[in-house]
Amino acid sequence: MVDINLSDAEKCYIIDGVKLGIRVDGRDRLDYRHLEIETGLVSTANGSARVRLDRTDVLITVKMEMDRPSPDQPNQGRLRFFVNCSANAAPEFEGRGGEDLATTLSAMMDRLYSSPYTLDRSCLCVVPGKHVKVLYVDIEILDCAGNLFDAVSIGVKAALWATHLPRIYVTGEDGGELEFEVSDNPHDTERINVSNAPILITHLRITENLTIVDPTPEEEECGPVQVVVGVTPSGLITALQQLGQGTFTTQTLSAAIKLTRELGMKIHTHLTAKLRQEESMENREIRGFL
Amino acid sequence: MGLLERKQKTFYRKTKKGNIIKIVREHYIRDDIWCGLDGCGSCEMEDAILEVQNTSDSTLVPQPHHLMIDTNVALHQIDVLCDDSITDVIIPQTVIQEVKHRSLPIYKRLRDLIESSTKRFYVFSNEHHSECYVEQEAKETLNDRNDRAIRIACWWYSQHFKPAKQSVVLITNDFANCMKARTLELKAFTMKEYVASLKSSPGLLDLVANLDKDENEELIQRACIYPPHLGTADINQGVKRGKLHHGVLKTSRNNFLEANVLAEGFTKSILIQGRQNLNRALHDDLVAIELLPEEEWSTPSTVVIDKEKQEEEKEGDSEDEGDDENTLTEEQKLLASGRGKGERQPTARVVGIMKRKWRQYCGIIKKNEITESIRHLFIPADKKIPFIRIETRQPDLLYDKRIIVAIDSWPRDSKNPKGHFVRVIGNIGDKDAENEVILLEHDCPHTKFSESVLNCLPKLPWIITEKDEAEREDLRHLDVCSVDPVGCTDIDDALHCRKLPNGNYEVGVHIADVSHFIRPLTALDKEAQNRSTTVYLTNRRIDMVPDLLSSNLCSLRGNVDRFAFSVIWEITPKAEVQSSRFCKAIIKSRGELTYQQAQARIDDSTMQDDLTNSLRNLNKLAKTLKTKRIDAGALVLASMEVKFHMDPDTDTVVDIVAKQHLETMSMVEEFMLLANVTAAETTLQHFPDCALLRRHPAPPQSNFEPLLAAANSQNITLDVTSNKTLAESLNVATRDNNPFFNSMLRIMTTRCMMQALYFCSGTLEPPEYNHYGLATPTYTHFTSPIRRYADIIVHRLLAVIIEADRTYPELLDSKKLADLSQHINYRHKMAQYAGRGSAEITAIASLRGKVTEFDSYVLFLHKNAIQVLVPTIGQQVTLFLDKRTQKRDDKKKAKKKSPEAMEVDEEITPTFEFNDKELYVKCDDLVLRPFDHLRIQVSVDASDVQHQRVVCQLVHPVIPGFSVPSVSQDTQEPKLKKIKT
């Protein structure tokens, strides 16, 4: 992703470190870097979150629109993911440079949330077959220092958690067209149940049988192949995707998946606790980008 | 000091397209908002508005105090606030904003009060005040939040005023709010309680509005003004089951809140009354209706509901959606008051709209006094269309313009349909703009002829070739002449007559051979077919075919060779047609005579030339023909068409002349009728299935009811069993004291008639071919191909019959011909309306700027109005029986001197009693019946450029308190002295 040129010696140092169980920045194999989350920082959106993981910086906003449901799912709302890779994040993203990554990322998010066990989309339905809510999740990559997928997935979950949708009152029907009203009270809103929303955990293959999570860009240089695993809070694996060229042995892969389940459940618990904590803060000052 | 904090106000809003968006506004809190009290000490304002009070007039609040009002008080008790004794009022910004949101007219009045320096009304910007700003809480409605904001503001004032020894009293009509305010140790009273406690102004209590109604009602009302429409599936199901019916909605001309639907399976049209029953259906929409239970059936209203008037009296209340309830009930009352006692008609309500017939509408923008507002009302020129709400940011540019607006939607919670501005036509009063409005409103194609159309025209110089001469009969030796009105350039008929050796006459009618130039299926033909007719406006003619044809090559001008399609009869001196034949010919007219010239020639016995003698013979024959026709039962009807003489430069009306009647006119008319009848008979004989004919159905007896009732009121009985009996009874119905009586009767009879229609002979049974007015079994149009497309088709059929031309498939396809006749019928009707509309505008223009008196005759009586006919200008005007103009003046006065407006209005208002059985309007001893002569004063109220209304007032007979004195004799009818009737 980000062009870093490492010498063989430097690579060796990183790989050998991992083999010995200690990474260049002192972390363990399954340690994450310090992660910062703030929600509700974009007041014009229905929900928003910003996630910073070291220098990796993503901003996620959720906006709601009304639309007709797709004919095959008349009582399901929709989630649509759009990723924009800002040229600020990396010089390669300039022009259409970030497009491939953006497509991969948004496709991954689509896959992640495509399982019916992740998010109950029927709560986004206003009138079956006629009106549903569509959530547009815009993901803005502001800076990139490794492990983008994990950061984005955590950000999306946090943004959805923080999303407030205006309550819609169906007032009647007119000539086959439904009429609805929104409450004049901005506090009269609904939340989305994200208790099953999954996150992604990326494993970078360092050697034949060793993987690490939350790799730095330098570490990413040392292992060309990664596997991204989606996991729900209950430990259900919902998506799996390999990134980069290379091979995983079955043992490594199943070990990675097993690790993901344990790690994922931990991160989920931790994330929910932190989001609850943030919400319970009174008169919380929005820090945003200031 | 200054800016303290930034807040964000968040709210959700539904967009036009039905999406929901979140809106976030910045909101800044300041600490330098002053209280407005002169001598407050702690505040640093420059011009303090409120004065320190030293005494109190109220027994409830003995301390000197200021008032603070809440929103409902502002909305409902504005009359009290206008009173002079109410001064020093603090209006929180919250209230001002809410009032603006809920009722613009009241907002306007409140703003006026704030402007006036004597009232000392102070607007306190509490929303930005650091100590008074409140945020909406999670479980709080917006109303509750606003009430709380007002209480907090009041509390702040009461604390702030303590050092100045002033107090504040909150006036609120909301009981809960009152109680909550008292727990904050505020003084809070209802308006009634407070006003009752005032010692010095006892009369003020009368101004307090009694409002027991819960305001929630208003909210519910606001959500649904109209019942919902059914979906297409439900409608189809309902129609199938017979529960619903469908048909095209036709709005009444007199009353935009009443409409009729002609539904299948009903002999009578179904009545629909009232805004809610009409349920957003517009004129010409295809609607689904549900019959009301029989006990709710109604009769057509006898009141004239003038949309303009309605809206005006409410002073733009239509802006105010909250007030709709009142409007609706008012309208209901008005409708109910006019309900006649006649036979009840099936009545229904609209439950769904199957097909909208929305088009673009011409009209003007109603002036909105709140300049920053972007919402405006659009007044369509078509009286049958309700006002349309549009949004524009450039109202100033549009005020004096005629504009076009398109309707976008009509949601249930909006009283008026919503639309958007399309384009400007031109300035109000501008000749071209007014003409265009008329043409657009009547769907008359009036663009320039396209290049491809013009390419179909023959190239000039146009010469008659030898081939032409070989194909056509050469009739250039005959003494043919044309007789037309003055200034006619599209001459499509000419006549000749010569004595045959056997004593009979040979009479020829020569019609411009338009079908020679307009070949079937060319661009020119398609264009002419689309236009179908030439449209005559008072100052403009919109040709059906390009000028080169209409005024030159086809026009049978004098002393030039022209192609004609001729019909030649042999007629006995007793006017019996011996034989007839059609031929294509070349003629050379000996002269383009006007009716007057022809008449002069006939009357001048010294003129003995061939042309004059043939005119005399024609005239003689025509008289016999006419007698025969009338014996057969043809009706002589009257219209009140007048001719406007315009000054072409200034485009003003110089003179209005009633259309004169000369013998020569009926001479031409008789032969044209004969030619048409002959053409009809010939085409029908050869093409029994695809002749284009014109029928005039006998009107159903019910059509005559208003006529018979009106005649009855004058003790005249008309026999309407057949056209013959009707014609005879019309002939004997005269009144010595009223020379215009018979004409009036005939005008009214005309209005009972059905429309004459073109049709294709194959689509109807022969008895239906009958022409009621002319009393002929078959009839068609043959004589004016330059201005009517139907004649061109008839020409083509005849050309095929005489083997002068080929046929083409469309000509002989009775289905296509039937469709074509429908189209022509529509265009004809529209062209007729356009012509009348133009005459009306011209007539009104001629009245502008002066007060004119006219003789007029009562045409129709209504409960609140009399429609009278003014023959001089050929218009029908409405004399309202309520005191509408004065009322408005009073209102204005009352506004200015509102405090003293307590005096009782001592004017005598006459009461009119309307009897719809015997048809009279009675006022004390005076009884007005149809046909009665009235002298009226007519002027145009041009005070508002946009609303030029014809104001009509009674002069004679005198009704105290209603009629107006006559203007002095010498100024009477200043310009119209030369009236020739």
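In the predicted model, B:Thr783 is in contact with B:Asp492, B:Asp493, B:Ile511, B:Met672, B:Ala675, B:Asn676, B:Arg788 and B:Asp791, when neighbours within four places in sequence are left aside. The residue belongs to the loop that lies between β29 (757-760) and α26 (789-801) of chain B. B:Thr783 has a relative accessibility of 4% and therefore counts as buried, the cut-off for this class being under 20%.

Elsewhere in chain B, five strands form an open sheet with parallel pairing, in the order β5-β4-β3-β6-β7. Its edges are formed by β5 (121-124) and β7 (187-189) of chain B, each of which pairs on one side only. On average, neighbouring strands of this sheet are turned by 30° against each other, direction ignored. Within the sheet, strand β3 (residues 65-69) of chain B runs parallel to strand β4 (residues 89-92) of chain B, and two bridges join them. B:Leu67 is found opposite B:Val89 of β4(B). Helix α6 (residues 175-183) of chain B lies across β6 (167-171) and β7 of chain B, and the helix runs at about 165° to β7(B).

In chain A, the strands described here pair in the antiparallel sense. Strand β3 (residues 56-67) of chain A is mostly covered, with nine of its twelve residues buried. Strand β2 (residues 47-53) of chain A is paired with β3(A) over seven bridges, and A:Arg50 has A:Leu59 in β3(A) as its bridge partner. The two strands, β2(A) and β3(A), form a hairpin with two residues between them. In the turn of this hairpin, A:Asp54 has a positive phi of about 55°. Strand β3(A) is also joined to strand β6 (residues 131-143) of chain A, by eleven bridges. Here A:Ile60 has A:Ile139 in β6(A) as its bridge partner. In a regular strand, side chains alternate between the two faces of the sheet.

Confidence was examined for the model and for chain B. The model scores ipTM 0.81 and pTM 0.63. For chain B the mean pLDDT is 81, and 88% of its residues reach 70 or more.

Definitions and conventions: Residues numbered from 1 in each chain as written. Chains lettered and ligands numbered in written order. Predicted model: local features only at pLDDT ≥ 70, side-chain atom pairs only at ≥ 80, totals over all residues. Heavy atoms only, no water. Pairing = 2+ DSSP bridges. Helix = DSSP H or I, 4+ residues; strand = E, 2+ residues; numbered from the N terminus. Axes fitted to C-alpha atoms, helices over the stretch in contact; angles between N-to-C directions. Contact = heavy atoms within 4.5 Å. Buried < 20%, exposed > 50% of the residue type's maximum accessible area, 1.4 Å probe, protein only. pLDDT = per-residue confidence, 0-100.
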